[in-house]
Amino acid sequence: MSVEPSAPAGSRRPALHAEALRKTFFAGTPREFAVLRGVSLTVERGRICTILGPSGSGKTTLLRCLSGLEPVDSGTVEVGGTKVHALSPRQTQRFRREDTAFVFQEYNLISDLTLRENVELDRPMAPRPAELAARWRLEHVLDHFPDQCSGGQQQKAAILRALNRDVDVLFCDEPTGALDGTSAGEVLCVLQEVSANGVTVVMITHNEMVTEISDRVVRLHDGEVVSDTVVPDPRPAGELEW
Ligand SMILES: Nc1ncnc2c1ncn2[C@@H]1O[C@H](COP(=O)(O)OP(=O)(O)OP(=O)(O)O)[C@@H](O)[C@H]1O
Ligand SMILES: [Mg+2]
């Protein structure tokens, strides 16, 4: 069940606030394409915000702009007090490395590194990701290269790589897109767990069921937010029936 968002929470500073984001691409047909047309978004710390919308509505572009991966044409993005839109390229690089992690829609694993080496790109595997690798039945392929693994195994490794970063904000682009129901449920349980520990999760999905475990649900259409609702009582991910 969803209700309209309440007034901005008084003294509580949001983890992420974007205002009037605009982004136009100058390639393809039509030559000039306005992908984001004034998108505003607020996510409180330690909450899961889910973004839905038809294919091509601008979800990935929005996530890339929020995370500093893509510069915006106009508008503001503030993440944990950092004005992302105003950072220099070098500052953006540091922000992306130290404050956020991104799970890519196409996984973006490095092809000549094993899954383990991909997960350990930034630091040795922490106990929690190591435990999850076992629980997610990934241990036997950790020393395989991405092209020796299934899409689901690669997607789980991409999620572990992000979790191994120990950051405040986690951006996930369809993190369960390649997973069977059991695996999707397991991943969502962990995302709910990290959010309960204070990590803010901004996640794209095509699966309506994922809205039930989210704190906030934002729907995009043609680069505009067409609805933004808070979920007063999200369900535990373990309760979803896949
Ligand atoms: N680098 C780019 N250059 C030109 N056009 C782009 C670029 N990136 C995205 N687009 C266009 O912007 C639109 C939105 O793309 P985006 O990837 O954000 O959609 P999406 O909502 O994530 O879709 P999907 O659900 O299929 O992943 C599409 O029409 C796409 O072709
Ligand atoms: Mg996308």
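**Briefing on the predicted model**

Ser214 is placed in the loop between β8 (200–204) and β9 (216–221). The structure is a predicted model.

**Ser214 and its surroundings**

- Ser214 counts as buried, because its relative accessibility is 0% and the limit for buried is under 20%.
- The side chains of Ser214 and Thr50 are joined by a polar contact of 2.4 Å.
- The side chain of Ser214 also reaches the backbone oxygen of Val210, at 2.8 Å.
- When residues up to four places away in sequence are not counted, Ser214 touches Ile48, Thr50, Val231 and Pro234.

**The magnesium ion (ligand 2)**

- Thr60, through OG1, and Gln105, through OE1, coordinate the magnesium ion at 2.0 to 2.4 Å.
- Thr60 lies in helix α1 (residues 59–66) and Gln105 in the loop between β6 (100–103) and α3 (115–119), so the pair ties together parts that are 45 residues apart in sequence.
- Thr60 is partly exposed, with a relative accessible area of 28%.
- Gln105 is likewise partly exposed, at 32% relative accessibility.

**Ligand 1 and its shell**

- There are 14 residues around ligand 1, of which Ser55, Lys59, Thr60, Thr61 and Gln105 come nearest.
- A polar backbone atom of Gly56 is 2.9 Å from an oxygen atom of ligand 1.
- In the side chain of Lys59, an N or O atom is 2.7 Å from an oxygen atom of ligand 1.
- For Gln105, a polar side-chain atom lies 2.9 Å from an oxygen atom of ligand 1.
- On its own, ligand 1 has 640 Å² of accessible area, and the protein covers 65% of this.
- Both β2 (33–43) and α1 supply at least two residues each to the shell around ligand 1.
- Helix α1 provides three residues, the largest share of that shell.
- Sorted by class, the shell around ligand 1 holds four nonpolar, eight polar and two charged residues.

**Thr92 in helix α2**

- Thr92 is located in helix α2 (residues 89–98).
- With a relative accessible area of 13%, Thr92 is buried.
- Apart from its neighbours within four places in sequence, Thr92 is in contact with Gly68 and Leu87.

Terms used: Residues numbered from 1 in each chain as written. Chains lettered and ligands numbered in written order. Predicted model: local features only at pLDDT ≥ 70, side-chain atom pairs only at ≥ 80, totals over all residues. Heavy atoms only, no water. Donors = N, O, S within 2.8 Å, 3.2 Å for Na, K, Ca; no water. Helix = DSSP H or I, 4+ residues; strand = E, 2+ residues; numbered from the N terminus. Buried < 20%, exposed > 50% of the residue type's maximum accessible area, 1.4 Å probe, protein only. Near = heavy atom within 4 Å. Polar contact = N/O pair within 3.5 Å; in protein donor to acceptor, adjacent residues only side chain to side chain. Areas by Shrake-Rupley, 256 points an atom, 1.4 Å probe, with all protein chains shown as cover. Nonpolar A, V, L, I, M, F, W, Y, C, P; charged D, E, K, R; others polar. Contact = heavy atoms within 4.5 Å.
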